[in-house]
Amino acid sequence: MSTARTVARLALGAFLVRAGVGHLTTERQEFQAQVPDWVPGSKDAVVLASGVVEIAQGAALIALPKHQRLVGDVVAAFFAAVTPGNIHQYRAGLDAFGLDSDRKRAVRLAFQPALVAWALGSTRD
């Protein structure tokens, strides 16, 4: 695997761990804005669970290089699975993470496929 891909994989792992910690601590309320009303359970429980998942995925990207392709697939699927939350935030016009306009929320939503590509591209030869 190339050095650039390794750096990209490690950076994505660090990004996920950092985001997961944010889910569990200082950004809990911000992340709750992304949970659609139709998701079962409390928004807080969903945010906490997704934070744990993000930490685990980030740690796996960093610590399990021999399984990077499988982990990349899981991370890409996770990014696809949380896309409805970004759509919800955009459609409901909810402010979170400095996304205080429809334009900013649309740019954030458009970035979601880039996260999927990052997960797949950084874990393949």
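Contact here means heavy atoms within 4.5 Å. By that criterion F78 touches S50, V53, E54 and Q57, with residues up to four places away in sequence not counted. The model is predicted, so local features need pLDDT of at least 70 and side-chain atom pairs count only at pLDDT 80 or more, while totals for chains, interfaces and linings use all residues. Residues are numbered from 1 along each chain as its sequence is written, and side-chain values use heavy atoms, with hydrogens and water left out.

**Helix α3 against helix α4**

- Helices are DSSP runs (H or I, at least four residues), numbered from the N terminus.
- Helix α3 covers residues 43-63 and helix α4 residues 68-81; their axes come within 10 Å and cross at roughly 150°.
- Axes are lines fitted to C-alpha atoms, for helices over the stretch in contact, and angles run from 0 to 180 degrees between N-to-C directions.
- α3 and α4 are therefore roughly antiparallel to each other, a label for angles over 145 degrees.
- The crossing of α3 past α4 is left-handed, that is, the near helix is turned anticlockwise from the far one by less than a right angle.
- On the α3 side the contact involves S50, V53, E54, Q57, A60 and L61, and on the α4 side V71, V74, V75 and F78.
- By class, the residues of this contact are 7 nonpolar, 2 polar and 1 charged.
- In this classification Ala, Val, Leu, Ile, Met, Phe, Trp, Tyr, Cys and Pro count as nonpolar, Asp, Glu, Lys and Arg as charged, and the others, Gly among them, as polar.

**Helix α4 against helix α6**

- The axes of α4 and α6 are 8 Å apart, and the packing angle is about 170°.
- This pair, α4 and α6, is therefore roughly antiparallel.
- G72, D73, V75, A76, F79 and A80 of α4 meet Q112, L115, V116, A119 and L120 of α6.
- The contact of α4 with α6 divides into 8 nonpolar, 2 polar and 1 charged residues.

**Nonpolar core**

- A nonpolar core is a set of buried Ala, Val, Leu, Ile, Met, Phe, Trp, Tyr and Cys residues joined through side-chain atoms within 4.5 Å.
- The largest one has 11 residues: L12, L16, A60, L61, V71, V75, A76, F78, F79, L115 and A119.
- At least two residues of this core come from each of α1 (3-24), α3, α4 and α6 (102-121).
- α4 gives the most to this core, with 5 residues.

**Individual residues**

- Accessibility classes use relative accessible area with a 1.4 Å probe and protein chains only: buried is under 20%, exposed over 50%, and partly exposed in between.
- H88 lies in helix α5 (residues 83-92) and is buried, with a relative accessible area of 16%.
- Apart from neighbours within four places in sequence, H88 is in contact with A33, Q34, V35, P36, D37, K43 and L94.
- L70, in helix α4, counts as exposed at 57% relative accessibility.
- The C-alpha atoms of L70 and N86 are separated by 25 Å, the two residues being 16 residues apart along the chain.
- E30 sits in helix α2 (residues 28-32) and is partly exposed at 32% relative accessibility.
- Leaving aside neighbours within four places in sequence, E30 is in contact with A96 and F97.
- F97 belongs to the loop between α5 and α6 and is partly exposed, at 32% relative accessibility.
- Phi of F97 is near 60°, a positive value in a residue other than glycine.

Note on methods. Angles under 35 degrees count as roughly parallel, over 145 as roughly antiparallel, 65 to 115 as roughly perpendicular and the rest as oblique.
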